[in-house]
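I opened this entry to keep track of what I looked up, going from the fold down to single residues.

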Amino acid sequence: MVGPERPQFVLFGSSIVQFSFGNGGWGASLADLYARKADIILRGYSGWNSRCALEVLEKVFPKDAATQPSLVIVYFGGK
């Protein structure tokens, strides 16, 4: 890793999260706002709901990970 370790912000959810990094999307705006201050990690899965998310929650956020996220934004069911 080059430079100091930065906080991790994880965006976790359905298509509203998956497509947030598109041109002018809210995820892209967040990444621009925190450029060189935090790592923005996208975990958006189109078609998923909270039931699907619960099945993979421990794989996406392992309890024994060396680095834990500083912020997690969860967004499902925007329709």
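In what order do the three strands stand in the open sheet? I find β2-β1-β3, with parallel pairing. Two strands count as paired if DSSP finds at least two bridges between them. I take helices (H or I, at least four residues) and strands (E, at least two) as DSSP runs, numbered from the N terminus.

I note that this is a predicted model, in which local features need pLDDT of at least 70, side-chain atom pairs count only at pLDDT 80 or more, and totals for chains, interfaces and linings use all residues. Residues are numbered from 1 along each chain as its sequence is written, and side-chain values use heavy atoms, with hydrogens and water left out.

I then followed β1 (residues 8-13), which is joined to β2 by six bridges and runs parallel to β2. Opposite phenylalanine 12 I find arginine 43 in β2.

**Whole chain.** I list three helices and three strands, in the order β-α-α-β-α-β from the N terminus. The C-alpha atoms fill a box of roughly 40 × 35 × 15 Å along the principal axes. Of the 79 residues, 22% count as buried (under 20% relative accessible area; exposed is over 50%, partly exposed in between, with a 1.4 Å probe and protein chains only). Among contacts (heavy atoms within 4.5 Å) between residues at least 6 apart in sequence, 73% join residues at least 24 apart.

**Tryptophan 26.** I place tryptophan 26 in helix α2 (residues 26-33). Tryptophan 26 counts as partly exposed because its relative accessible area is 32%.
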